[in-house]
Amino acid sequence: QPEATVWRVIEARALKRENKPEEALGVLIGLSPNQRLEPGVLQTMAECYGLIGDNEAAAGLYAAATQAEPMDGALTLEHALWVERAGRPDDALKIAERAALLLAKGAPEVVARLKKQ
């Protein structure tokens, strides 16, 4: 039921706004691996992991998403940003360079910034 995913995302976003990221994750974690890769679900889950300080888990979500959609530049760039937040700037640079090759908007700027570090 696709509508079940939509309602879960709406509920999770409301919980996130109420500063309840763990509860929001609980709403979404039960979704299938494919459902978790949907844009609204993926972004909300990553943001919740970020709020609880688990940037590595958020990076892992985007790693799975980029494996499923290897030609998606925007997704690849988001992966790079979460890897950077997880404290792995060298890995983030490699991923951002791939995003730039995929013509992701903003990727060249991220590559340049990471090269300065």
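I began with the largest nonpolar core of this predicted model, and I noted that it holds 35 residues, of which Leu 28 and Met 45 touch the most other members. I then looked up which elements supply this core, and found that those giving two or more residues are α1 (2–17), α2 (21–28), α4 (39–51), α5 (55–68), α6 (73–85), α7 (89–101) and α8 (107–116).

Next I followed Leu 28. Setting aside neighbours within four places in sequence, I listed its contacts as Arg 8, Val 9, Ala 12, Arg 36, Val 41, Thr 44 and Met 45.

I turned to the pair α2 and α4, whose axes come within 9 Å and cross at roughly 145 degrees, and I recorded the crossing as left-handed. On the α2 side I found Pro 21, Ala 24, Leu 25 and Leu 28, which meet Val 41, Thr 44, Met 45, Cys 48, Tyr 49 and Leu 51 of α4. Sorted by class, this contact has nine nonpolar residues, one polar residue and no charged residues.

Last, I looked at the protein chain as a whole, which has eight helices and zero strands. Its radius of gyration is 15 Å, close to the 13 Å that the globule rule gives for 117 residues, so I wrote the chain down as being as compact as a globular protein of that length. The C-alpha trace spans about 40 × 25 × 20 Å along its principal axes, and 39% of the 117 residues count as buried. Of the contacts between residues at least 6 apart in sequence, I noted that 43% join residues at least 24 apart.

Technical notes. Residues numbered from 1 in each chain as written. Predicted model: local features only at pLDDT ≥ 70, side-chain atom pairs only at ≥ 80, totals over all residues. Heavy atoms only, no water. Core = buried A, V, L, I, M, F, W, Y, C linked by side-chain atoms within 4.5 Å. Buried < 20%, exposed > 50% of the residue type's maximum accessible area, 1.4 Å probe, protein only. Helix = DSSP H or I, 4+ residues; strand = E, 2+ residues; numbered from the N terminus. Contact = heavy atoms within 4.5 Å. Axes fitted to C-alpha atoms, helices over the stretch in contact; angles between N-to-C directions. Left-handed = near helix turned anticlockwise from the far one by under 90°. Nonpolar A, V, L, I, M, F, W, Y, C, P; charged D, E, K, R; others polar. Rg over C-alpha atoms; globule rule 2.2 N^0.38 Å.
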